Amino acid sequence: MTLPNCPQCGCEYTYEDRGLLVCPECANEWTADEQEETTEGLIVLDANGNRLADGDSVTVIKDLKVKGASGAIKQGTKVKNIRLVEGDHNIDCKVEGFGPMKLKSEFVKKN
């Protein structure tokens with residue numbers, strides 16, 4: 001039997017203890033029944049651990065070099081109306097001055 005990922009932080013190392021599912025990273029505890037009720041899809045967290053959703057606005061927290069571009073996306077750049085996707089670069093967005101871009105959620109914070 002494979003255990004589900006943590007619904008709070010997305011950790012894959014959950015374990016069962018006395019009828020509860022437990023996350024070793026964020027210490028979240030829940031029952032299997034609660035997991036079935038919250039049939040949520042993709043869970044993406046920003047650099048501060050806040051949950052992101054489609055349509056959110058985020059701010060870049062460090063300068064990001066862009067391959068093929070002469071400059072970098074500067075720290076403090078605001079990005080509006082993000083879309084969450086599967087994969088390593090899990091934010092799909094348009095960055096002003098750069099166009100369509102995929103970003104890693106670990107380099108942004110929710111506004």
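A disulfide is a pair of cysteine sulfur atoms within 2.5 Å. Searching the whole structure for such pairs gives 0 disulfides.

Before selecting anything, note that this is a predicted model, where local features need pLDDT of at least 70, side-chain atom pairs count only at pLDDT 80 or more, and totals for chains, interfaces and linings use all residues. Residues are numbered from 1 along each chain as its sequence is written, and side-chain values use heavy atoms, with hydrogens and water left out.

**Stop one: the cysteines.** Select Cys-6 and Cys-26. The closest cysteine sulfur to that of Cys-6 is in Cys-26, at 3.7 Å, too far for a bond. Cys-6 has a relative accessible area of 1%. That makes Cys-6 buried (under 20% relative accessible area; exposed is over 50%, partly exposed in between; 1.4 Å probe, protein chains only). Now pick Cys-93. Cys-93 is buried too, at 6%.

**Stop two: Val-22.** Go to strand β2, residues 20-22, which holds Val-22. Strands (E, at least two residues) are DSSP runs, numbered from the N terminus. Val-22 is buried, at 8%. Which residues touch Val-22, leaving aside neighbours within four places in sequence? Show Thr-14, Tyr-15, Asp-17, Asn-28, Glu-29 and Trp-30. Contact here means heavy atoms within 4.5 Å.

**Stop three: Asp-92.** Move to strand β11, residues 91-95, and select Asp-92. Beyond neighbours within four places in sequence, Asp-92 is in contact with Ile-82, Arg-83, Val-85, Met-101 and Lys-102. Zoom in on Arg-83.

Notes
Helices (H or I, at least four residues) and strands (E, at least two) are DSSP runs, numbered from the N terminus.
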